Amino acid sequence: MLRRLFTSDNEVRDIIAVILASLVLWEVAVRVLAPSPLILPSPSGIALAFWETPVVFLRHLGFTLLTTVVGFASAVVLGVLLAVGIVYSRFLERTVYTLLVALNSIPKVALAPLFVIWMGTGTEPKIAIALMLALFPIVIDMVLGLRSVDPDMLALARVSKASPLAVLFKIRFPCALPSLFAGMKVAISFALVGAIVGEFVAGSKGLGFQILIAQGQFDTVRVFVSLVLLGVVGTLLFFLVDYAERLLLPWHFSQRTRSEAVRGA
Amino acid sequence: MADGTAPEGTDKGAIQAPYVSISRVGKTYASPRGAVPALVDISLDIAPGEFISVVGPSGCGKSTLLKLVAGLEEPSAGTLKVAGRPLKGPPDNLAVVFQRDVLLDWRTILDNVLLSIEFMGLPRAKYKDRAVALLQRFGLGGFEHRFPWELSGGMRQRASICRALLSDPELLLMDEPFGALDAMTRDDLNIELARIWQETRKTLLFITHSIAEAVFLSDRVVMMGKAPGMVVDVIRIDLPRPRSLASRETAEFVEYVARIRHHFAELGIVKE
């Protein structure tokens with residue numbers, strides 16, 4: 001069991017090795033080619049810039065993280081409820097689901113300024129944008145998951161005269177969890193994008209705001225500090241969802257292939 | 001709820017009222033190119049405690065027939081009665097075993113076996129001991145707390161049979177339950193099914209595409225032809241019971257199998 005949980009050790013080791021090698025290559029390239037620090041700072045320069053004002057960066061990071069997590073969590077709750085409604089109600093399927101699928105193809109980031117008009121420049125519009133971006137993959141994957149139940153299983157439930165609630169909670173919902181997690185892995189990255197976009201559009205806090213300020217001052221190295229922090233946090237959030245999946249769905253993890261594990265990234 | 005006795009109580013004695021009565025049943029599916037008949041004019045009575053197998057080529061509608069008896073689909077023509085009552089949805093005292101075991105991966109074997117009981121709203125605690133005993137009986141003792149994905153295909157199908165038997169149904173429908181298993185596991189399960197039927201005398205409708213399996217298990221073998229699906233013959237199997245693997249080496253057994261195969265060949269349903 002434990003061994004099964006850690007089979008991806010090699011994968012993690014590979015990723016770390018590749019990242020470390022890239023950093024070394026980058027550092028060497030910057031020292032040898034000596035580009036203007038305005039264009040490309042070195043990894044060590046970025047690290048030093050972070051250490052100058054770590055608290056400032058971490059405070060902004062904390063804000064972005066909070067927006068992301070609250071937006072993501074609301075998207076999971078709302079998305080699951082919507083998906084259940086869509087699967088059980090022909091009316092919701094033909095209205096809400098059709099609308100969602102249609103809206104999914106427009107670039108939702110472009111809607112961000114609207115949220116500022118509607119909700120002001122506080123935290124709420126940023127959470128709302130994160131939620132909106134995260135909602136689509138969750139609803140769509142959850143609907144898929146709820147519908148993926150083996151028809152024979154449903155026949156068995158009918159023969160045993162199972163109540164609709166029992167079918168939902170004992171069959172459909174657990175059956176949909178792997179699919180929900182696939183959606184959640186996409187959604188967590190989208191939520192982070194949403195939070196940053198929200199901060200780009202109108203904000204005075206968060207790493208998105210930090211990037212804008214540093215850009216205005218041509219302080220390239222501080223832009224890079226924010227980018228690196230975002231990269232680290234984005235990766236950690238993804239693996240947090242992945243870890244939760246392994247913990248909650250050992251049956252699924254035991255069956256899925258490595259390629260699937262990489263899919264959401 | 002079904003008491004299994006004749007509804008009027010008039011025809012007890014020599015002629016037993018059938019437990020399942022299929023009378024001139026037809027099933028037609030709508031398709032873009034018009035109605036497609038899947039089953040035509042099927043009539044069959046199954047006595048209480050009788051073991052009936054339905055054999056036929058793929059696409060002859062044998063699974064459709066099972067779904068009709070299970071009350072999962074409605075016939076387009078004719079009437080179906082179980083325990084004397086016309087079918088409206090799945091009858092009481094029914095259990096079904098499918099080709100795929102449809103065990104739930106997140107439940108232990110024991111919890112899977114108890115699933116139908118939970119669905120029926122019966123108390124788990126009351127059936128737990130019986131479930132453990134059934135698993136023991138089917139060679140799954142010690143696997144109660146394992147998960148389906150830790151078991152082989154044969155063990156999984158055994159568990160799904162336990163799930164079906166737990167509520168002690170009157171009528172057991174099995175849709176090619178051993179079709180996905182390897183030959184040796186299949187032999188094992190044939191023996192176990194024959195034994196459990198001998199002990200419990202469930203009314204059993206068994207769908208298969210194996211003539212040998214049908215002859216080995218059944219009191220009567222229903223032969224079906226396809227396009228459209230219809231009953232072409234019903235063969236009574238008068239082999240002594242209880243049957244064992246050795247029964248399959250007897251001349252009578254071999255003759256039954258050959259006779260049914262020839263019959264299918266004569267009708268042009270299978271090629272010889």
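This is a predicted model: local features need pLDDT of at least 70, side-chain atom pairs count only at pLDDT 80 or more; totals for chains, interfaces and linings use all residues.

What covers the buried residues of H6(B)? I found that the cover includes strand E3 (51–55), strand E8 (203–208) and helix H7 (211–217) of chain B. Contact here is C-beta atoms, placed from the backbone, within 7 Å, and helices (H or I, at least four residues) and strands (E, at least two) are DSSP runs numbered from the N terminus.

Residues are numbered from 1 along each chain as its sequence is written, while chains are lettered from A and ligands numbered from 1 in the order written.

Next I listed the buried residues of H6(B): B:Asn190, B:Leu193, B:Ala194 and B:Trp197. Buried means 20 or more other C-beta atoms within 10 Å of a residue's own, exposed means 12 or fewer, and partly exposed is in between, with C-beta atoms placed from the backbone. Down the axis of H6(B), these buried residues fall within an arc of 100 degrees (directions from the helix axis to the C-beta atoms), so they line one face. On the face turned away I found the exposed B:Met184 and B:Glu199. Just after H6(B), B:Arg201 has a positive phi of about 50 degrees.

A:Ala112, A:Phe115, A:Val116 and A:Met119 in H6(A) meet A:Glu124, A:Pro125, A:Ala128 and A:Ile129 in H7(A).

Notes. Two residues are in contact if their C-beta atoms, placed from the backbone, lie within 7 Å.
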